[in-house]
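Please find below a note on the structure under review.

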Amino acid sequence: MMTTIDTQVLDQQARDILVANDRGGYTIPTAGLYPYQWNWDSAFCAWGFSTFDLERAWREIEMLLSGQWSNGMVPHILFHQDDPGYFPGPDVWGCDGPIPSSGISQPPVAATFARKLWEKDPDMAAPRLADVVRGLTDWHRWFFRWRVLDGMAFLTHPWEAGRDNAPDWDSAMAAIEPVGVGDYVRRDTGHVDPAMRPTKADYDRYVWLVQRGRRLGWDDAEMARNPVFRVADPTMTFTLLRANRDLLVMARASGAPCDEIEGWIADLEAGAAGLWNPDIASFDSRDLVNGGFSGCLSNASYLCWYAGIDQPQMLDHFRKLRGNCRYPIPSHPLDSPRFEAKRYWRGPTWGIMNTAIGLGLEEMGHGGEAEALRAATCELIAAHGFAEYFDPTDGSAAGGGQFSWTAAIWLAWASPNARRA
Ligand code: DGY
């Protein structure tokens, strides 16, 4: 049983992590393993900062948008300064945006958390709202131009969905022959147990896809001509749908045009049905090169409520999970032969995914389920620390430690004190 004192100590630890990982306006996910600004991490961090420093929270969003390319894309990593401890760094990506960056994007959660900041103090947000709405709208427009087909948002690199080695893309990855990738030195396995990280076969393909993008000058039209990796998935589709709903609210408030955003919402609402795999009665990822489903009920499948889509069969899956998984929600089902309890996105539970799912459950009227998930996540973090991810069977910490987005969701959602924040 946690006391008020215990939770206040944990709240302070979480704030200390965000402050320690602050690099002057942007937050690194954790020292060593991830020494730069990551796109979706950053948006969760802004929300965490907003529980005790709203001005700093806005700075995070503005720093993220400062890396926006002229075509609207907001990169998945902004390399604000050099750090030889990370691979692949800016020299491998070879991009020339306003800030050295990667050449792909990441799940667009920034509009959702910008809206939360704005709602906390609309007057304080007023002078920056128009710029933020414009930047986010340009980014979402880029998604619709280059990453949406038939109302389903897709990724062109596993890093784009943020779920790097999810079994969802095993077959699409296996179809890539990483010919000529050459030698490279991974840095991640020097920071974290390799058994918790993607394999060499994964990395060969990650790097090969980066080399291909660079060879094509990161020109979206060129890259789309012969797509080699194109998988529509619930992470991209549901976060983009949700982000547009939040963007629409802010656009209305700032007097910006809304028709285009309304059209995007309608497009994704209709397209989400294309991710429903009747064979597993779940939202699933779908290879757009060969049309096949991946057959994966992942934690991203449960993001439907976050996107404003209710689905009774997903609720059944969720209820069953509560009975057979000590620390839900695993990123891949425990009874799957591909489940690996500690290997990144092939099994572990992630606090940020639980948070987005919990927010959605609550908003869609499933308060009991939302509270159960929050309480389980609270217990998990309180017992095992602010880890990057957790073994869903026994809760043990995995990946990087002192992790910013776990601290952020603790402050804004999982902590028993979060409602009062
Ligand atoms: C990594 O380096 O592991 C990241 O997930 C890439 O975004």
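**Notes on the predicted model**

1. Helix 1 (residues 4-20) has 17 residues, which at 1.5 Å a residue should span 24 Å; its end C-alpha atoms lie 24 Å apart, so the two values agree. The expected span is taken as 1.5 Å times one less than the number of residues. Helices (H or I, at least four residues) and strands (E, at least two) are DSSP runs, numbered from the N terminus. This is a predicted model, in which local features need pLDDT of at least 70 and side-chain atom pairs count only at pLDDT 80 or more, while totals for chains, interfaces and linings use all residues. Residues are numbered from 1 along each chain as its sequence is written, and side-chain values use heavy atoms, with hydrogens and water left out.

2. Which residues of helix 1 are buried? They are Thr7, Leu10, Asp11, Ala14, Ile17 and Leu18. Seen down the axis of helix 1, these buried residues fall within an arc of 120°, and therefore line one face of the helix. The arc is that of the directions from the helix axis to the C-beta atoms. On the other side of helix 1, Ile5 and Ala20 are exposed. Buried means under 20% relative accessible area and exposed over 50%, with partly exposed in between (1.4 Å probe, protein chains only).

3. The partners of the buried residues of helix 1 are helix 2 (39-49), helix 15 (367-384) and helix 16 (404-414), against which they pack; contact means heavy atoms within 4.5 Å. The N-terminal end of helix 1 is capped by Thr3, with a side-chain oxygen 3.0 Å from the backbone nitrogen of Asp6. A polar contact is a pair of N or O atoms within 3.5 Å; within protein, one must be able to donate a hydrogen and the other to accept it, and residues adjacent in sequence count only if both atoms are side-chain atoms.

4. Around the ligand are Tyr34, Trp38, His76, Tyr86, Trp159, Asp164, Arg197, Tyr203 and Tyr344; a residue is near a molecule or strand if one of its heavy atoms lies within 4 Å of it. A polar side-chain atom of Tyr86 is 2.5 Å from an oxygen atom of the ligand. For Trp38, an N or O atom of the side chain lies 3.0 Å from a ligand oxygen, and for Tyr344 the corresponding distance to a ligand oxygen atom is 3.0 Å. Taken alone, the ligand exposes 230 Å², of which the protein buries 95%. Accessible areas come from the Shrake-Rupley method with a 1.4 Å probe; for residues, only the protein chains shown count as cover.

5. At 4% relative accessibility, Tyr344 counts as buried.

6. Arg346 is found in the loop between helix 13 (312-324) and helix 14 (351-363). Is Arg346 buried or exposed? Its relative accessibility is 11%, so Arg346 counts as buried. Leaving aside residues up to four places away in sequence, Arg346 touches residues including Asn165, Asp170, His332 and Glu340.

7. One joins Phe87 and Pro88, with omega about 0°; Pro88 is in the loop between strand 2 (77-78) and helix 4 (90-93). Another joins Pro328 and Ile329, with omega about 5°, and Ile329 is in the loop between helix 13 and helix 14.
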